[in-house]
Amino acid sequence: MTNPLPELLPYHRMARASVRHRWWRPVLGTGFVAVACVVVAGLLYGVASALGAARGYPEAPDGTVEFGPVTGTALDLLVIASAIPVVLLAVRWIGRRPAGTVSSVTGGLRWRWLGWCVLAALPVLAVTTGALFLLPMDDAEPVRWAGWEVFGPALAMLVVLVPLQAAAEEYVFRGWLTQAVGGFLRSPWWALVPQAVLFGAAHGWGTPWGFADLVVFAMVAGWLTVRTGGLEAAIGLHAVSNLLAFGVSAAVVDGLKTDDTAADAPWQVVAVDLTGIALYAAAVLWLTHRRTPTRTVPAPAPVPPPLPFSTAHPQFPAAYPQFPAGHAPLPYVPGPAPHGGHTDARDLPPGATPAAPPPGDATRPPH
């Protein structure tokens with residue numbers, strides 16, 4: 001009788017890629033991620049405020065330290081990026097599985113595939129970002145070029161930190177939350193809905209159009225994650241989109257000071273943004289036909305239960321070989337064995353029979 005083939009686990013079911021998976025691990029891990037992210041963010045902001053006050057930075061109206069647009073934006077991006085080690089720790093420590101299984105089904109981030117996804121996102125999102133400047137805006141204010149002395153350092157900072165910030169959001173929403181819900185549900189769609197709604201809520205409530213844009217973005221990014229077996233496609237979309245948006249803001253005077261997010265977008269911007277998302281998804285699907293990424297992995301084989309008892313000695317198993325039933329060794333009786341009527345016993349004449357041992361002196365077999 002042949003053993004059945006193991007279950008193939010897609011990305012959203014990777015919480016079960018451990019023989020130690022239990023239903024409570026995703027629940028406990030979600031609480032840990034939420035609390036740890038808040039604690040780490042508070043610590044980072046606290047340390048930065050103390051250092052800023054010591055270095056003489058001015059105080060903002062709300063009582064915090066005013067670092068300026070570039071340094072303040074860098075701090076915000078670093079705080080968000082700190083969620084990456086939190087998620088990896090939750091996967092390894094609470095999920096009891098390799099930390100890389102939240103990156104992809106292969107157990108790590110597939111850098112070459114990520115590079116292809118970034119190359120697919122750059123031209124598509126660059127065109128849609130340029131199209132935003134052609135939209136008529138009723139309340140648009142005139143903008144002024146910030147100059148290279150401001151834009152240059154800001155752009156260098158954004159190139160380094162924005163990919164980490166975007167990847168952190170993907171690890172939290174498309175990564176941990178998707179796999180946590182997928183540990184209970186087989187359908188990927190039910191696993192993608194909660195993370196999409198929470199992703200939109202995390203950006204605040206601006207306009208209904210902006211909230212819908214964020215939810216659709218999260219659903220498409222989640223679907224690409226399941227479809228390709230990893231976070232690379234979602235990270236490529238998110239990183240390039242945010243880098244272009246931050247870059248445009250850094251190019252104008254006080255652009256990085258604005259508090260507006262994607263949640264505040266009007267319907268015209270949302271229409272253009274959703275067009276870019278759809279074109280990017282089509283490009284990634286085209287790439288999957290030419291470079292098919294791994295989408296599933298076999299589920300781990302269950303560990304067989306231990307035997308109820310063992311006949312081997314617990315301390316010296318090798319010294320006591322096991323015998324099949326009906327072939328147990330005979331007890332050893334001390335004394336010389338006769339060889340053709342002769343004996344080798346000392347102090348006995350030839351032909352004499354040694355006396356039988358007293359009862360109870362026979363040696364017992366090992367047990």
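Helices here are DSSP runs of H or I with at least four residues, strands are DSSP runs of E with at least two, and both are numbered from the N terminus. With that in hand, let us walk through the structure. This is a predicted model, in which local features need pLDDT of at least 70 and side-chain atom pairs count only at pLDDT 80 or more, while totals for chains, interfaces and linings use all residues. Residues are numbered from 1 along each chain as its sequence is written, and side-chain values use heavy atoms, with hydrogens and water left out.

We can start with the whole chain. The protein chain holds nine helices and two strands, and read from the N terminus its elements follow the order β-α-α-α-α-α-α-α-α-α-β. Of its 367 residues, 37% count as buried; buried means under 20% relative accessible area, exposed means over 50%, and partly exposed lies in between, with a 1.4 Å probe and protein chains only. The accessible surface of the chain comes to about 22,000 Å², and 68% of that belongs to carbon and sulfur atoms. Such areas come from the Shrake-Rupley method with a 1.4 Å probe, and for residues only the protein chains shown count as cover. Contacts (heavy atoms within 4.5 Å) tell us about the fold too: among those between residues at least 6 apart in sequence, 80% join residues at least 24 apart.

Now to the surface, where a nonpolar patch is formed by Trp 23, Trp 24, Val 27, Leu 28, Phe 184, Leu 185 and Trp 190, with about 800 Å² of accessible area together. Patches are made of residues with over 30% relative accessible area and no salt bridge; nonpolar side chains (Val, Leu, Ile, Met, Phe, Trp, Tyr) are joined within 5 Å, and like charges within 9 Å. Helix H1 gives the most to this nonpolar patch, with three residues. Trp 23 sits in the loop between S1 and H1, and Trp 23 counts as exposed because its relative accessible area is 61%.

Arg 22 lies in that loop between strand S1 (8-9) and helix H1 (24-54). Together with Arg 20, Arg 92 and Arg 96, Arg 22 belongs to a patch of positive charge on the surface. Arg 22 is partly exposed, because its relative accessibility is 41%.

Side chains of opposite charge can pair when their charged atoms come close. A salt bridge is a side-chain nitrogen of Lys or Arg within 4 Å of a carboxyl oxygen of Asp or Glu, and the count comes to four salt bridges. In one of them, Glu 7 meets Arg 186 at 2.9 Å, N to O. Glu 7 lies in the segment before S1 and Arg 186 in the loop between helix H5 (148-182) and helix H6 (188-202), so the pair ties together parts that are 179 residues apart in sequence.

Another salt bridge joins Glu 232 and Arg 110, whose closest N and O atoms are 2.8 Å apart. This pair links distant parts of the chain, 122 residues apart: Glu 232 is in helix H8 (residues 232-250), and Arg 110 is in the loop between helix H3 (83-94) and helix H4 (111-132). Both Glu 232 and Arg 110 are buried.

Terms used. Lys, Arg positive; Asp, Glu negative; His and termini not counted. Charge placed at Lys NZ, Arg CZ, Asp CG, Glu CD.
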